[in-house]
Amino acid sequence: MIVVVNGTQREIDPGTTVLGLLEGLGIAPDTVVVERNREIVPSATFAGAVLNEGDHLEVLRFVGGG
Amino acid sequence: MSEDRFVIGGVALESRLFTGTGKYADDAVIPEVCAVSGSQVVTVALRRVDLDSAAGNVMDHIPQHMKLLPNTSGARTADEAVRIARLARAMGCGDWVKIEVISDSRYLLPDGYATCKATEILAAEGFVVLPYVNADLYVARSLADAGAAAIMPLGAPIGTNRGLKTREMIRILIEEMALPVIVDAGIGRPSEACEAMEMGAAACLVNTAIATAGDPVGMARAFGRAVRAGREAYLAGLGASRGLAAASSPLTGFLGQGDS
């Protein structure tokens, strides 16, 4: 099934969780914040948050800034 | 000067220099920049993770004890600033936020009205809100009413290193506002940070001037000293300036006085 991650479509297996998605992308879960369909996904729920077809995800982290 | 307390959002700070983390050629110098400048507060921005390349993580270079001040850069509206602030807080690094709402890409000037709206929403949600704004007394008063923890007027447009172009307006903010006034943006030289502190600014936020210096660590040390010197001068009370000369040495008892 298809989800949109940071503006780009990605094919994932049904049943994939937020944690599974991050691990699949090689992202350490404790370095990012995730928003799904404009709602923040608390990091404590990454492992249980199952993705749905068409979900829009934003995966963000801190970068240098002023 | 242990009695010279500087408290923001309930946190007592020793240093009145805030530093940015953007534009460094190598983020690995950030710990030393923090150490030599004495800065205890650093700004960061929130951005999408690049899924196609494993970029370094700036957080690996920010010492644990630093107070994190995420900005809402990239926000063009109050709603976007609120969204970014909530996401930043969800990172678990505290509830401070520097509100930045900018829709002008040429001069990166902040939208005072949108900043007030975002400040009101976020302060009500318990954020410690430090808004980046023009040096405008009415905007500053609105921000105070909205629950801001400080006012952060620009000295000159972001990243220009042009100094305290808004000097007179900042002076008025310092005089009129009970909130701390933290000069943010435009400060290019330690002498300019020193001057802002002499005027009574509560603190300065410096990024570009340090990060793009030939030697960022050396410049960070210079800024730390300049901010301290300016604060000490402010506390000591500057002597009055005047138009005509006034001799510092006695005007009596000159050699040969009264000789014919």
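Biologist: How do the lining residues of the second largest pocket divide into nonpolar, polar and charged?
Modeller: This is a predicted model. The lining of the second largest pocket has 17 nonpolar, four polar and two charged residues.

Biologist: How many residues line that second largest pocket, and which lie nearest its centre?
Modeller: The lining has 23 residues. Nearest the centre are A:Asp30, A:Phe62, B:Met59, B:Met91 and B:Cys93.

Biologist: Which strands of chain A supply at least two residues each?
Modeller: β3 and β4 of chain A do.

Biologist: And how much space lies in the second largest pocket?
Modeller: About 410 Å³.

Biologist: OK, the largest pocket now. What is its volume?
Modeller: About 500 Å³. The largest pocket is lined by 32 residues. A:Gly66, B:Ser73, B:Glu100, B:Leu108 and B:Ile158 lie nearest its centre.

Biologist: How does the lining of the largest pocket divide by class?
Modeller: There are 15 polar residues, 10 nonpolar and seven charged.

Biologist: Which elements of chain B each give at least two residues to the lining of the largest pocket?
Modeller: Those are β4 (41-48), β10 (203-206) and α7 (208-211) of chain B.

Biologist: Switching to the backbone. What's the phi of A:Asn37?
Modeller: Positive, about 50 degrees, although A:Asn37 is not a glycine.

Biologist: Where is A:Asn37?
Modeller: In the loop between β3 (33-36) and β4 (39-41) of chain A.

Biologist: Is A:Asn37 buried, partly exposed or exposed?
Modeller: Its relative accessibility is 41%, so A:Asn37 counts as partly exposed.

Biologist: What about A:Arg38, what's its phi?
Modeller: Near 75 degrees, also a positive value in a residue other than glycine. A:Arg38 sits in the loop between β3 and β4 of chain A.

Biologist: Why does A:Arg38 count as exposed?
Modeller: Because its relative accessibility is 63%, and exposed means over 50%.

Biologist: Last topic, helices. At what angle do α4 and α5 of chain B cross?
Modeller: Roughly 35 degrees. The axes of α4 (residues 137-146) and α5 (residues 167-176) of chain B come within 10 Å.

Biologist: Left-handed or right-handed, when α4(B) passes α5(B)?
Modeller: The crossing is right-handed.

Biologist: Which residues of α4(B) and α5(B) meet there?
Modeller: From α4(B), B:Leu137, B:Ala140 and B:Arg141. They meet B:Ile172, B:Leu173 and B:Glu176 in α5(B). By class, the contact of α4(B) with α5(B) has four nonpolar and two charged residues, with no polar ones.

Key: Residues are numbered from 1 along each chain as its sequence is written. Chains are lettered from A and ligands numbered from 1 in the order in which they are written. This is a predicted model: local features need pLDDT of at least 70, side-chain atom pairs count only at pLDDT 80 or more; totals for chains, interfaces and linings use all residues. Side-chain values use heavy atoms; hydrogens and water are left out. Axes are lines fitted to C-alpha atoms, for helices over the stretch in contact, and angles run from 0 to 180 degrees between N-to-C directions. Helices (H or I, at least four residues) and strands (E, at least two) are DSSP runs, numbered from the N terminus. A crossing is left-handed if the near helix is turned anticlockwise from the far one by less than a right angle, and right-handed if clockwise. Contact means heavy atoms within 4.5 Å. Ala, Val, Leu, Ile, Met, Phe, Trp, Tyr, Cys and Pro count as nonpolar, Asp, Glu, Lys and Arg as charged, and the others, Gly among them, as polar. Buried means under 20% relative accessible area, exposed over 50%, partly exposed in between (1.4 Å probe, protein chains only). On a 1 Å grid over the protein atoms alone, a cavity is a set of points where a 1.4 Å probe fits but cannot get out, and a pocket is an open set with protein on both sides within 12 Å along at least five of seven lines; lining residues have an atom within 4 Å of a point. Grid points are joined across faces, edges and corners, and a volume is the space filled by probe spheres set on the points.
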